[in-house]
Amino acid sequence: MTRAEILAADVKVEPIKPAVGAVIHADRSQLLSKEVAQLTLRLIEAHGVVVFPCAGLSDQEQQAFTENLGASVNFTKSAPGGNKSESAGYNITLDPKINNEPEYVQGTFFYHMDGMPLANMPPPRASVLSCRKKSPSGGQTEFASTFAAYDALSDEEKAEYAKLRVIHSLVAGVREVKPAEELQPHMRSRKTERPLVWTYPSGRKSLLLGYTADEVLGMPKAEGRALLARLLEWAGQPAFSYRHHWQEGDLVVWDNCGALHRVIPYTANSGRLMHRTSVAGVELAA
Ligand SMILES: [Fe+2]
């Protein structure tokens, strides 16, 4: 048997819903193989999000898994709990001993795409998240496919939205948590412009949405925000979204420009601890 045949026999893929999500059942020994990396990249573009139940990877193994998907990027060096190294992950926690800016994490209670307001880099291609300690209540992560949301638009809507550009800001991303004037200056300055419709080299298209999306260029503010709110509701409908109930050791990978994510609120004393790594994006044609 060839290596690819052995892998095909050992790895089982099971869709979660027709429009979003897939589970990859693979032996732990296969997870760092190039074949699983290729399969993961293919499946996140097809399904938005993939789950490896109880993968049980260490921080170093998760970093190696991430680098098999592409160059890794650490865009949360300055975030509470962040690490200065480019090849390091980010420990996501509300523990006040580690995190003195909880609004940064509480912003994740609202649908977003990672790194969207950062002007100095393309949005990450994929995010890799594993559960180190789950919360006794809350803490599940919901994903909403903006591939599915785009695919189901009418031809007229697709043509109209293809022309639009959107301002994303961190201030907007945490607007439900803290007013702009109370944020630290480094958070207030994060702002950039992105196309509403994101096009992949394969031709696959998605919508770049989320709470960071603040206004549509060239549109009155209320009209633009109303459009962004409607599209967010559209993407979040049950047929396009999936709620992951974490078990410790689970590893979830998603296409960061094709799936929104948010966490169901949990408390600072829950002990919840997640480890995130990110695959760098490439700037694509608008
Ligand atoms: Fe996130």
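**Iron site, cores and ring pairs in a predicted model**

User: In this predicted model, what spacing do the donors of the iron ion follow along the chain?

Analyst: The protein donors are His112 (NE2), Asp114 (OD) and His261 (NE2). They lie 2.1 to 2.2 Å from the iron ion. Read along the chain, the donors give the spacing H-x1-D-x146-H.

User: Are His112 and Asp114 buried or exposed?

Analyst: Both residues donate to the iron ion, His112 through NE2 and Asp114 through OD. The cut-off for burial is under 20% relative accessible area. By that criterion, His112 and Asp114 are buried.

User: Which element gives the most residues to the largest nonpolar core?

Analyst: The core has 30 residues, and Tyr161, Leu196, Leu207, Leu209, Leu228, Leu231 and Leu260 touch the most other members. Two or more residues come from each of helix H5 (146–151), strand E9 (197–199), strand E11 (213–216) and helix H9 (221–235). The top contributor, with 5 residues, is H9.

User: Beyond its neighbours within four places in sequence, which residues is Leu207 in contact with?

Analyst: Leu207 is among the core residues that touch the most other members. Contact here requires heavy atoms within 4.5 Å. With neighbours within four places set aside, the partners of Leu207 are Met113, Thr146, Ala149, Tyr150, Leu153, Leu196, Val197, Leu231 and Cys257.

User: What is phi of Cys54 near?

Analyst: Cys54 lies in the loop between E3 and H3. Most residues other than glycine have a negative phi. Cys54 takes a positive value, near 45°.

User: Which elements are among those covering the buried residues of H3?

Analyst: Helix H3 spans residues 59–69. Its buried residues are Gln62, Gln63, Phe65, Thr66, Asn68 and Leu69. Their cover includes helix H2 (34–47), strand E3 (49–52), strand E5 (126–133), strand E13 (251–255) and strand E15 (273–279).

User: Which residue just after H3 takes a positive phi?

Analyst: H3 covers residues 59–69. Just after this helix, phi is about 160°. The residue is Gly70.

User: Is the aromatic pair of Phe147 and Tyr200 stacked, edge-to-face or tilted?

Analyst: The whole structure has 6 aromatic pairs. In this one, the centres are 5.4 Å apart and the planes are at 50°. Stacked needs under 30 degrees and edge-to-face over 60. The pair is therefore tilted.

User: How many residues apart in sequence are the parts that the pair of Phe147 and Tyr200 ties together?

Analyst: Phe147 lies in helix H5, and Tyr200 in the loop between E9 and strand E10 (205–207). Phe147 is buried at 0% relative accessible area, and Tyr200 counts as buried at 9%. The parts tied together are 53 residues apart.

Notes: Residues are numbered from 1 along each chain as its sequence is written. This is a predicted model: local features need pLDDT of at least 70, side-chain atom pairs count only at pLDDT 80 or more; totals for chains, interfaces and linings use all residues. Side-chain values use heavy atoms; hydrogens and water are left out. Donors are N, O and S atoms within 2.8 Å of the metal (3.2 Å for Na, K and Ca); water is not among the atoms, so sites may look incomplete. Buried means under 20% relative accessible area, exposed over 50%, partly exposed in between (1.4 Å probe, protein chains only). A nonpolar core is a set of buried Ala, Val, Leu, Ile, Met, Phe, Trp, Tyr and Cys residues joined through side-chain atoms within 4.5 Å. Helices (H or I, at least four residues) and strands (E, at least two) are DSSP runs, numbered from the N terminus. Rings of Phe, Tyr and Trp (its six-membered ring) pair if their centres lie within 6.5 Å; planes under 30 degrees apart count as stacked, over 60 as edge-to-face and the rest as tilted.
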